[in-house]
Amino acid sequence: MARKGTSMRLTSSRISSLLLSMFATFASFYVAGRLWQESQTRVHLISELHRVTGQGKSAISVDDTLKIIACREQKKTLAALEMELSAARQQGFVPKHTDGAETKKRPLVVIGIMTSLGNKKKRDAVRQAWMGTGASLKKIETEKGVIARFVIGRSANKGDSMDKSIDAENSQTDDFIILDDVVEAPEEASKKVKLFFAYAADRWDAQFYAKANDNIYVNMDALGSTLAALQGKPRAYIGCMKSGEVFSEPNQKWYEPEWWKFGDKKAYFRHAYGEMYVITNALARFVSINRDILHAYAHDDVSTGSWFVGLDVKHVDEGKFCCSAWSSEAICAGV
C-alpha cells in the first residue's frame with residue numbers, strides 16, 4: 001500500500017509538472033505574441049513618424065513618438081489660440097483676467113523723447129506744442145492711445161544738483177523715464193535708446209514703440225493713422241530710411257570709432273533717420289530680452305538698425321518721418 005500511495009503521488013507530481021510546463025509554454029507563446037504585436041506597433045509608429053517628418057532612420061521610442069504626436073496636437077491648438085489673440089490685438093485689445101472688469105484698450109504707441117539734463121526749455125516747448133501735461137497728457141493716453149515720456153539718464157556725478165533738478169521737475173510733471181544705469185553723455189546715446197525700448201516693452205504692452213528727439217514737433221493724428229495702417233506687420237521697423245558714408249576720422253562730426261566693421265567702402269547699412277523712428281511690439285521685446293548682448297555703435301540710429309540686420313524684419317521707408325519741412329501730413333518737424 002505504501003508503494004502504491006507513493007506511486008500515485010509521483011504520478012500526480014508528474015502530471016502537475018506537465019501541466020505547469022504546458023501553461024508556461026502557452027504563457028511564453030502569449031507573451032511572445034504580445035511582444036511581437038508591440039514591436040510591430042513600434043515599427044509602424046516609427047515608420048509613420050519617419051514618413052511624416054522625413055527624419056530617416058533614427059532611434060526613437062514609442063513613448064517619445066506619442067509625446068511628439070501629443071505636442072503636435074497641442075501646437076495646433078496653440079496656433080488657433082494665437083490666431084484668435086492676434087485678431088483681438090488688431091482691434092486694440094489684449095486679454096485681461098479680472099472679475100467682470102471692462103477690457104482695457106491696448107496702447108497704440110509709447111514715445112520715448114530723448115532729452116538731456118540742461119534741456120528744460122526744450123521739454124517745456126514740447127509739452128506746450130504737442131505732448132501736454134497733467135490732464136491733457138492723460139487725455140492723449142486715453143483717447144489716442146499715445147503714451148509720451150521724456151527719457152533721461154543720470155549725471156556723471158550722481159545725486160548732484162542736475163539730478164536733483166530732474167527729480168524735482170518729474171515730481172511736478174510725472175512725465176519722465178529716468179534710467180539710472182545711463183550716464184547723460186553723447187557716447188551713451190545708443191545705450192539710452194536701447195534701455196528705453198527695453199523698459200517701455202516691459203512696462204507697457206503697446207503695439208508700437210517710438211524714439212524721438214526733444215527738438216521736434218509730433219503730429220499725433222498723422223502718427224496714429226500711419227501706425228494704424230501698419231498693424232498687420234508684426235516685425236516692422238519704420239522711419240525715414242537712409243544709408244551713407246561711415247566717417248573714420250576723429251575730427252569729423254559723425255565720427256564712427258568702429259568704422260572698420262563696415263567694410264572697405266565704409267558705407268552704413270540701411271537704417272532709420274535718428275530724429276524719430278518706430279518699432280513694433282515684437283522687436284521691442286527682442287531688444288528687451290537681448291539688451292545685454294546688443295552692440296552699441298557711436299550713433300543711436302545706426303545701433304538700432306544694426307540690431308535688426310540679421311532678423312526677418314520689414315523695413316518701412318516712410319517719408320513722413322523725415323522731420324524736414326512741416327505739412328499737415330508730416331508726422332514730425334523741427335521746432
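Cys 322 comes out as partly exposed, with a relative accessible area of 24%; buried here means under 20% relative accessible area, exposed over 50%, and partly exposed in between (1.4 Å probe, protein chains only). The structure is a predicted model, so local features need pLDDT of at least 70 and side-chain atom pairs count only at pLDDT 80 or more, while totals for chains, interfaces and linings use all residues. Residues are numbered from 1 along each chain as its sequence is written, and side-chain values use heavy atoms, with hydrogens and water left out.

The partner of Cys 322 is Cys 240, and the sulfur atoms of this disulfide sit 2.1 Å apart; the cut-off for calling a disulfide is a pair of cysteine sulfur atoms within 2.5 Å. The bond ties together distant parts of the chain, 82 residues apart: Cys 240 belongs to strand β6 (residues 236-242), and Cys 322 to the loop between β8 (314-317) and β9 (332-334). Helices (H or I, at least four residues) and strands (E, at least two) are DSSP runs, numbered from the N terminus. The link of Cys 240 and Cys 322 is right-handed, with 80° about the S-S bond.

In total, the rule gives 2 disulfides. The other one joins Cys 323 to Cys 332, with an S to S distance of 1.8 Å. Its torsion about the S-S bond is about -90°, so the link of Cys 323 and Cys 332 is left-handed. Both of these cysteines are buried. With the bonded cysteines numbered in sequence order, the pairing reads 1-2, 3-4.

Thr 304 lies in helix α9 (residues 300-307) and is buried, at a relative accessible area of 0%. Its side chain makes a polar contact of 2.8 Å with that of Tyr 277; such a contact is a pair of N or O atoms within 3.5 Å, where within protein one must be able to donate a hydrogen and the other to accept it, and residues adjacent in sequence count only if both atoms are side-chain atoms. Setting aside neighbours within four places in sequence, Thr 304 also touches Val 193, Phe 197 and Tyr 237, among others, contact meaning heavy atoms within 4.5 Å.

Val 182, in strand β3 (residues 176-183), counts as buried too, because its relative accessibility is 1%. Beyond four places in sequence, the contacts of Val 182 include Gly 153, Arg 154, Glu 188 and Leu 195. Val 182 and Ile 152, 30 residues apart in sequence, are 8.0 Å apart in space, C-alpha to C-alpha.
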